[in-house]
Amino acid sequence: MNKRNFLKSVGLGSVAMMGAGLPSIVKAEKAADAGTAATKIKHRVWINPDEKDTDADIRQRYAAYKKAGIGDIMFEADSERHFRIAKEHGIKAHRWIWTMNRGEKELLASHPEWYAKNRKGESCATHPPYVDYYRWLCPSKPETINYLKEQAEAVLSKDYVDGLHLDYVRYCDVILPVNLWSNYGIDQSKELADYDFCYCETCRSKYKELHGKDPLELQHPDQSPSWRKFRYDRITNVVTNLAGVARKHKKPISAAVFPTPEIAKRIVRQDWTNWPLNAVCPMIYHGFYQEDVNWIGDAVAEGMRGLDGRFPLFAGLYLPDFNGNMDDLEKGVRLALKNGASGVSLFGGVTPEVLAALQKASV
């Protein structure tokens, strides 16, 4: 599936310490870049490689990417040909995977018990929220952790893969971006039981061991700080385990996350400023939140304060939100850089006009 057949396009739109060894990877990468032209490279892009492309097409495209300042590509599918040609042009090729949202038919059929349950007791295996492809695994189950580590191992063992990029590394959206509410005729000004995860037996028993209560016994579970923190920590544990696999392979790990630390914690239980990553790409898709371009700078500034220098941030920009206005795109890139981003990460149609705006904004 293409990255984020966003939930709106189908009716919906789309405290761990730094792991030992990861800082050394970051330092090594910075040192390697210091004496080369790569010091000018700041940006990233999410794409789905097309096997119908000729080698000439790919070389021309990635040469243009490199010239515009794109130094990393997150590929949604495995394509040795695309990866190696990107690397020929001095671009790092990362394999991007869906993490907690896993709807493979064979997995659903063989392990429905691995899937998250909402506050009503409905499983994502049989009652997917919002759209059919929303099939969320429970992060508390050891089987889930082992499965995801095996997936990461398979990716990172390939010599042409430079790093691992995590997507959907979170719970289901308990609250959608406000721009999407009308698509479903729902008001999510409060947390609704249908979309509040995970209340499976494993999560409830683990929480009870820590706090002496079943979360379903809480009068207002949606307002419980300890229940929220429990879930932040479950996702952080997933990331920590996958970072361990990346560390073993001496390759970097990054993640696409929700736009600000506050929004991420509130609506998808992501505590991403405390994850053991090498880089983070907050999806600062301003149109989804009914904000203007200036919000990109505000969101980056909030993220940078939360990170406090632990690892670099690349501001995720959703190109359709700019409606073809290259002046606005240039402004968005400049705002991201001004507020501390190491670059931007683009999703959408990367046209020559987009590359020109990106290159102009990076001067």
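In what order do the eight strands of the open sheet stand? The order is β6-β5-β4-β3-β2-β1-β8-β7, with parallel pairing. Edge strands β6 (279–282) and β7 (314–318) each have a single partner strand, so one side of each lacks a neighbour in the sheet. From one strand to the next, the twist averages 25°.

A few notes on reading all this: residues are numbered from 1 along each chain as its sequence is written, and side-chain values use heavy atoms, with hydrogens and water left out. The model is predicted, and local features need pLDDT of at least 70, side-chain atom pairs count only at pLDDT 80 or more, while totals for chains, interfaces and linings use all residues. Helices (H or I, at least four residues) and strands (E, at least two) are DSSP runs, numbered from the N terminus. Two strands pair if DSSP finds at least two bridges between them.

Helix α5 (residues 142–156) lies across β3 (92–98) and β4 (163–167), running at about 140° to β4. Angles run from 0 to 180 degrees between N-to-C directions, with axes fitted as lines to C-alpha atoms, for helices over the stretch in contact.

| Helix pair | Angle | Axis distance |
|---|---|---|
| α7 and α8 | roughly 120° | within 11 Å |
| α2 and α3 | about 45° | 9 Å |

Helices α7 and α8 are oblique to each other, and α2 is oblique to α3 (angles under 35 degrees count as roughly parallel, over 145 as roughly antiparallel, 65 to 115 as roughly perpendicular and the rest as oblique).

Contact here means heavy atoms within 4.5 Å. In the second pair, D55, I58, R59, R61 and Y62 of α2 meet R81, H82, I85, A86 and E88 of α3. That contact holds four nonpolar, one polar and five charged residues. (Ala, Val, Leu, Ile, Met, Phe, Trp, Tyr, Cys and Pro count as nonpolar, Asp, Glu, Lys and Arg as charged, and the others, Gly among them, as polar.)

R81 also forms a salt bridge (a side-chain nitrogen of Lys or Arg within 4 Å of a carboxyl oxygen of Asp or Glu) with E51, their closest N and O atoms being 3.5 Å apart. R81 lies in helix α3 (residues 80–88) and E51 in the loop between β1 (43–47) and α2 (55–68), so the pair ties together parts 30 residues apart in sequence.
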